[in-house]
Amino acid sequence: MTNPDQSSDLSGRIALVTGASSGIGRATAARIARSGAQLIVAGRDAPRLDAVMREIGAGAEAELVDLAEAREIASLMQRVAARHGRLDILVINAGVSNAPEIGELTPASYDRLMDVNVRGSVFTFVEALPLLADGASVVFVGSVAGRKGQPGDPLYAGSKGFIRAFVRNAGTSRELMARRIRVNVVSPGPIETPLTERATADVAIRRYVEGLIPMGRWGGAEEVAEAIRFLASPAAGFTTGAELTVDGGMAHA
């Protein structure tokens, strides 16, 4: 049983956060670092990764990687293995939302989104499996779009629906339970990030979205990061295959 005084302390743990160059990933990286973990941040935007490293300070490591490319994922895990030998925390956050209207969808635009949101997420997990220490925690970042129908990007919603189903099953697999590896998903609602800045800057869109949220406001990336940190910590030691929504009540409205 976990000592409550140590439940939020991540000291001595090796953590990898993907999609860490902005938004939820950046906030999560900073939050996990403040909890004492040895942090590795991965992203494909070098200037933004540099800004994250300056924010976190000494001790963190940056990895420039495109998680749509399977070879780059495998290479990333090889480098982590060579330097650290294990991972205790894996946050799979990398994602995009750039598909055209459904009637204008092409195989190329489909691949661009699904290669990151689905294939990239799955193979980040698969390639990390040999590295995950017994008792490790894996947290995927999903979206309320994966469980609640609404106007918007159906391909993005479908990709996040896949993640939701994948976690429910992976989180209770016999293989992972034998190693006490927990797998959970945090599903944010509308969050103010660089990915949503175009929507939040439009007064009409902002108010429309706020009207869908029982709490009547957009969320902050730090609020999602806190939920991820909880699932990554020993405080969530009896939680696996679960979905934690951070959406102001939107999924249930």
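Strand β2 (residues 38-43) is mostly covered, with five of its six residues buried. Buried means under 20% relative accessible area, exposed over 50%, and partly exposed in between (1.4 Å probe, protein chains only). Helices (H or I, at least four residues) and strands (E, at least two) are DSSP runs, numbered from the N terminus. The model is predicted: local features need pLDDT of at least 70, side-chain atom pairs count only at pLDDT 80 or more, and totals for chains, interfaces and linings use all residues. Residues are numbered from 1 along each chain as its sequence is written, and side-chain values use heavy atoms, leaving out hydrogens and water.

Strand β2 pairs with strand β1 (residues 14-18) in the parallel sense, over five bridges. Two strands pair if DSSP finds at least two bridges between them. Within β2, Val-41 is the bridge partner of Val-17. Val-41 also stands opposite Ala-62 in β3. Strand β3 (residues 61-64) runs parallel to β2, and four bridges join them.

A right-handed β-α-β unit is made by β1, helix α1 (residues 23-34) and β2. Another right-handed unit consists of β2, helix α2 (residues 46-56) and β3. A crossover is right-handed if, with the strands pointing away from the viewer, the path from the first strand over the helix to the second runs clockwise.

Thr-193 lies in the loop between β7 (191-192) and α7 (197-201). Thr-193 is buried, at a relative accessible area of 13%. Leaving aside residues up to four places away in sequence, Thr-193 touches Gly-23, Ile-24 and Ala-221. Contact means heavy atoms within 4.5 Å.
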